[in-house]
Amino acid sequence: LDGLRLAAALAVLCYHYFYRGSVEGGYLNVTYGVSGGLIPILYLGVNLFFMISGFVIMRSAEPRTAWAFGVSRFKRLYPAHLAAMTLTALIMAVLSATPFVVTLGGWMANLTMMAPAFGHPFMDGAYWSIVVEIIFYGWVALAILAGILPRRTDLFVGAWLAIILINNLLLQNSMIERLFLTNFGGNFAFGILIYQITRHGFSQMRLAMAVLAVLLSLLGAERERVELLSMFGVAPSAQALALAQLATASIFLVAIGLSYLQRFQTSLATKPRVAGFIAMAAGISYPLYLFHQHAGYIIINWLSPTIGKWSAAAVATTVVVLVAWIIWRFAEPVGKRTIDFAISRLERIWFRVRGGHPEPAE
């Protein structure tokens, strides 16, 4: 799964650089001539992220209270977000022009990770999916708080799938769509159910819900395809997108299967370079996803008149991967230590007033 995270991030990078940047208009000054084939459907890397998240978050949430779970998620998301967002703002300020315009107010709004709620655009277009993740985390935290997770995880997922089914087929209510993530919930639910099967055992009910989750992910992907068609006037065919979504789910299952093969795990453990690369892949995938889009567009626009569009894309990819590595290697550890320090002080104050002892966030 760690290697798969990096593959998903690179897939989205290719989609943005070689397709959407020129199709959307106003972002890239060059076009790479891609109109069909694999590249226009690589945005499904985001759906792969959501499947992985469903699996991993259940594993993370089971032994924790809602507070400890929330702290662990904040530590995972915020340091890389702050570093990537600020670096993107600096690049936009120094090298950019319309439509890449940054203001102090925009930077401050993006500190919240919810910039559109404060009347400002995201600093990078990729941030919308982080909001989707945060909403998912919020539901998980509430379910832990209510005692539903982890004891009644199947009930939690079944209720979610029912809401998705009813809204997408009957109600089509935009508020329900945003609140319950009905376009993307099938991906999260599929990841959760695969975790349930691998961790707590197979049952016909879990298998049936997993199949339903895949079907609902197909429906959600089609709804997203129609939205892309209305925005850009072009989108992959319904058949190609359905096959690609099924392939995405299959790749996820293969990765899960490999992660449970003892022989495969042992072979990795005996190869430190391979294990180190996979650890790095897991570490840089999130900051790479956060940083690649607008910064990459700006670098390509800046360099392509001089060195050509393909060389510019290669340089942009190299730069954003290097920056992602720096964020993972240096900025994230500092951010996590700072959050640990602040949270420990807050917990001491809280429990001094209320009594009792805090549960460690990690």
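1. Arg 20 is buried, its relative accessible area being 18%, where buried stands for under 20% relative accessible area, exposed for over 50% and partly exposed for values in between, with a 1.4 Å probe and protein chains only. The residue is found in helix 1, which covers residues 2–23; helices (H or I, at least four residues) and strands (E, at least two) are DSSP runs numbered from the N terminus. Apart from neighbours within four places in sequence, Arg 20 is in contact with Tyr 15, Leu 228, Met 231, Phe 232 and Tyr 297, contact meaning heavy atoms within 4.5 Å.

2. On the basis of the coordinates: this is a predicted model, in which local features need pLDDT of at least 70 and side-chain atom pairs count only at pLDDT 80 or more, while totals for chains, interfaces and linings use all residues. Residues are numbered from 1 along each chain as its sequence is written, and side-chain values use heavy atoms, with hydrogens and water left out.

3. The chain has 13 helices and zero strands. Its radius of gyration, 21 Å, is close to the 21 Å that the globule rule gives for 362 residues, so the chain is as compact as a globular protein of that length; the radius is taken over C-alpha atoms, and the rule is 2.2 Å times the number of residues to the power 0.38. Along the principal axes, the C-alpha trace spans about 60 × 50 × 50 Å.

4. Of the 362 residues, 45% count as buried, and residues 24 or more positions apart account for 74% of the contacts with a separation of 6 or more. The accessible surface of the chain comes to about 17,500 Å², with 68% of it belonging to carbon and sulfur atoms; these areas come from the Shrake-Rupley method with a 1.4 Å probe, and for residues only the protein chains shown count as cover.

5. Helix 2 (residues 45–61) has 16 of its 17 residues buried, so it is largely enclosed by the rest of the structure. Its end C-alpha atoms are 24 Å apart, which agrees with the 24 Å that its 17 residues should span at 1.5 Å a residue, the expected span being 1.5 Å times one less than the number of residues.

6. His 81, placed in helix 3 (residues 66–95), is buried, with a relative accessible area of 2%. Not counting residues up to four places away in sequence, His 81 touches Asn 110, Leu 111, Met 113, Tyr 127, Tyr 286 and Leu 290.

7. Ala 143 lies in helix 5 (residues 128–145) and is buried at a relative accessible area of 4%. Beyond residues up to four places away in sequence, Ala 143 touches Ile 148, Leu 149 and Phe 156. One of these, Leu 149, is joined to Pro 150 by a cis peptide bond with omega of about 5°, and Pro 150 has its place in the loop between helix 5 and helix 6 (153–171).

8. Gln 172, although not a glycine, has a positive phi of about 50°; it lies in the loop between helix 6 and helix 7 (174–180) and counts as exposed at 51% relative accessibility. Leu 181, likewise not a glycine, has a positive phi of about 55°; its place is in the loop between helix 7 and helix 8 (185–200), but Leu 181 counts as buried at 4% relative accessibility.
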